[in-house]
Amino acid sequence: MNPFRYERAQSGAAAIAAAQHDGDARFVAGGTNILDLMKIHVEAPSLLVDINRLPLSKIELRGDSVHIGALARLNDVAAHPVVRQAFPMVAIALEQSASPQLRNMASMGGNLLQRTRCAYFRDVAAPCNKRAPGSGCGAIGGENRMEAILGTSERCIATHASDVAVPLVALDAVVNVAGPQGSRSIVLSDFYRLPGATPHLETVLVHGELITGLSVPVLPFGARSTYLKVRDRAQYEFALGSAAVALDIEGGTIRQARLALGGVGTVPWRPRAAEHDLTGAPATRTAFEGAAEAALTGARGYGMNDFKIALAKRTLVRALEMVAA
Amino acid sequence: MARTSLSAVALQLSGSGAAVSEPAGPASATATPTFVLDVNGREHQLTVDARVTLLDALRDRLGLTGTKKGCDQGTCGACTVLVNGRRIDSCLTLAVMHEGDRVTTIEGLASGEQLHPIQAAFIKNDAFQCGYCTPGQLMSAVGMVNEGHAIDRNTVREQMSGNICRCGCYPHIVDAVLDWKGRS
């Protein structure tokens with residue numbers, strides 16, 4: 001790790017002010033991602049602002065939304081009765097993330113901001129437009145089995161790593177942010193940026209802005225949902241492909257669907273066309289397969305990850321069958 | 001996107017009921033903080049580089065070498081300790097972040113010469129060979145039981161997945177945990 005200064009923030013405003021005045025400052029909560037990246041010299045902040053003492057850990061129902069504080073730990077969110085009842089797919093995604101130790105450490109805000117696991121991003125000797133803009137992409141034409149097939153650009157094909165962001169995108173979760181210019185709320189699907197020509201810019205946050213929490217609108221049919229994660233090992237592994245599915249079914253007909261895919265996109269992927277196709281359709285395998293085709297429209301393999309196109313379709317079909325059953 | 005003033009932000013952040021605890025440790029930025037660390041019920045005053053992880057502070061500053069360094073990147077679980085009763089990987093957190101927390105290491109598990117029941121169960125069930133991962137396995141098992149997860153074989157396997165054993169003692173480790181909780 002590079003040398004850095006450490007400061008423990010006593011208030012949200014103090015945390016924002018401290019970060020605002022140092023362009024190379026970073027916030028630290030669980031530390032599981034940033035300290036890992038600092039050890040391998042991918043991150044080298046001049047100042048770490050510790051936000052762990054801020055009162056941002058609450059999980060509670062507020063009106064029509066479940067509010068999840070930015071510092072709520074993954075295991076606490078997964079175990080919370082309101083979350084388990086309202087959106088099982090969120091609890092399942094969390095329980096299948098990382099390891100029990102890491103889930104006790106990692107915060108919800110930090111999880112949304114976690115960096116890609118792309119091996120070229122994590123190797124400072126390799127080219128990577130996300131880590132070192134303009135240096136090229138090692139994954140295109142390289143070892144790209146884990147890389148994305150949706151939302152890619154000629155500059156970057158790195159997969160977004162979060163599990164829980166996948167059901168949260170499907171649920172239209174709102175990210176609440178405080179910053180030097182005040183506070184604002186951003187729908188999660190607008191929060192992430194596609195890599196395009198600027199893969200180093202991953203979210204719409206500006207320097208000094210701090211995630212304070214998430215507001216997840218209660219979906220009337222959110223209880224009928226699941227998250228299916230396909231990976232190389234049964235436990236403690238990132239997704240090759242995953243699907244979050246919530247269905248409103250009456251008399252064998254789908255009234256509404258919410259879908260999102262993980263492990264295949266440069267951002268958590270919301271296939272709205274597939275949701276539209278399922279609306280009013282019979283809850284049958286044929287309809288599910290049609291929706292999966294629609295969901296993967298525009299998908300592109302890069303050689304070693306070509307298999308993900310078929311895998312993502314099958315993962316979505318199976319998740320739809322699980323929820324419809 | 002609604003915008004409010006910074007003072008409204010401060011109000012919003014401080015108005016959620018929970019008071020921020022009394023300022024402790026470095027509120028102003030420093031590269032070498034001085035702070036107090038509570039480990040196994042004993043308080044230690046430390047002045048260390050901010051880069052020192054909790055794991056390195058335990059091993060290199062406090063001489064508590066029972067906690068092991070395996071991967072140093074949060075993958076293997078050999079460095080598992082309890083912080084306020086919850087299991088974490090001590091390699092992926094800074095020592096200075098834990099002022100005011102209760103840290104429990106493998107050295108704090110037994111009562112004098114009296115082994116903790118999970119330690120006795122590991123011996124009885126032959127749950128280790130080389131022993132390098134064992135302190136982390138034991139702390140993780142205690143943390144898992146604190147979390148209420150020692151229910152059945154599959155749950156224990158899933159819940160112990162953050163601890164790697166290259167000797168491959170997994171079946172006996174699960175036996176030991178279930179034996180301890182009377183669920184074998």
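**Cavity and helix packing in a predicted model**

Author: The largest cavity holds about 60 Å³ of space. The model is predicted, so local features need pLDDT of at least 70 and side-chain atom pairs count only at pLDDT 80 or more, while totals for chains, interfaces and linings use all residues. Residues are numbered from 1 along each chain as its sequence is written, chains are lettered from A and ligands numbered from 1 in the order in which they are written, and side-chain values use heavy atoms, without hydrogens and water.

Reader: How many cavities of 30 Å³ or more does the structure hold?

Author: The structure holds one cavity of 30 Å³ or more. A cavity is a set of points on a 1 Å grid where a 1.4 Å probe fits but cannot get out, and lining residues have an atom within 4 Å of a point.

Reader: Which residues are closest to the centre of the largest cavity?

Author: The lining has 15 residues, and those closest to the centre are A:Cys118, A:Cys128, A:Cys137, A:Cys156 and A:Ala158. By class, the lining of the largest cavity divides into 10 nonpolar, two polar and three charged residues. Cys and Ala both count as nonpolar.

Reader: Why is H11(A) called oblique to H12(A)?

Author: Helix H11 (residues 285-295) of chain A and helix H12 (residues 307-324) of chain A pack at about 140°, with axes 9 Å apart. Angles under 35 degrees count as roughly parallel, over 145 as roughly antiparallel, 65 to 115 as roughly perpendicular and the rest as oblique. H11(A) is therefore oblique to H12(A). The crossing of H11(A) and H12(A) is right-handed. The contact of H11(A) with H12(A) has eight nonpolar, no polar and five charged residues.

Reader: What makes H3(B) oblique to H6(B)?

Author: The axes of helix H3 (residues 117-124) and helix H6 (residues 170-180), both of chain B, come within 8 Å and cross at roughly 135°. That angle makes H3(B) oblique to H6(B). The contact includes B:Ile118 and B:Phe122 of H3(B), with B:Ile173 and B:Trp180 of H6(B). By class, the contact of H3(B) with H6(B) has eight nonpolar, no polar and two charged residues.

Reader: Why is H3(B) also described as oblique to H4(B)?

Author: The axes of H3(B) and helix H4 (residues 134-146) of chain B come within 10 Å and cross at roughly 125°. H3(B) is therefore oblique to H4(B). B:Ile118, B:Gln119 and B:Phe122 of H3(B) meet B:Thr134, B:Gln137, B:Leu138, B:Ala141 and B:Val142 of H4(B). The contact of H3(B) with H4(B) has five nonpolar, three polar and no charged residues.

Methods
Axes fitted to C-alpha atoms, helices over the stretch in contact; angles between N-to-C directions. Helix = DSSP H or I, 4+ residues; strand = E, 2+ residues; numbered from the N terminus. Contact = heavy atoms within 4.5 Å. 1 Å grid on protein atoms, 1.4 Å probe; cavity = no way out; pocket = protein on both sides within 12 Å on 5 of 7 lines; lining within 4 Å. Points joined across faces, edges and corners; volume = space filled by probe spheres on them. Left-handed = near helix turned anticlockwise from the far one by under 90°.
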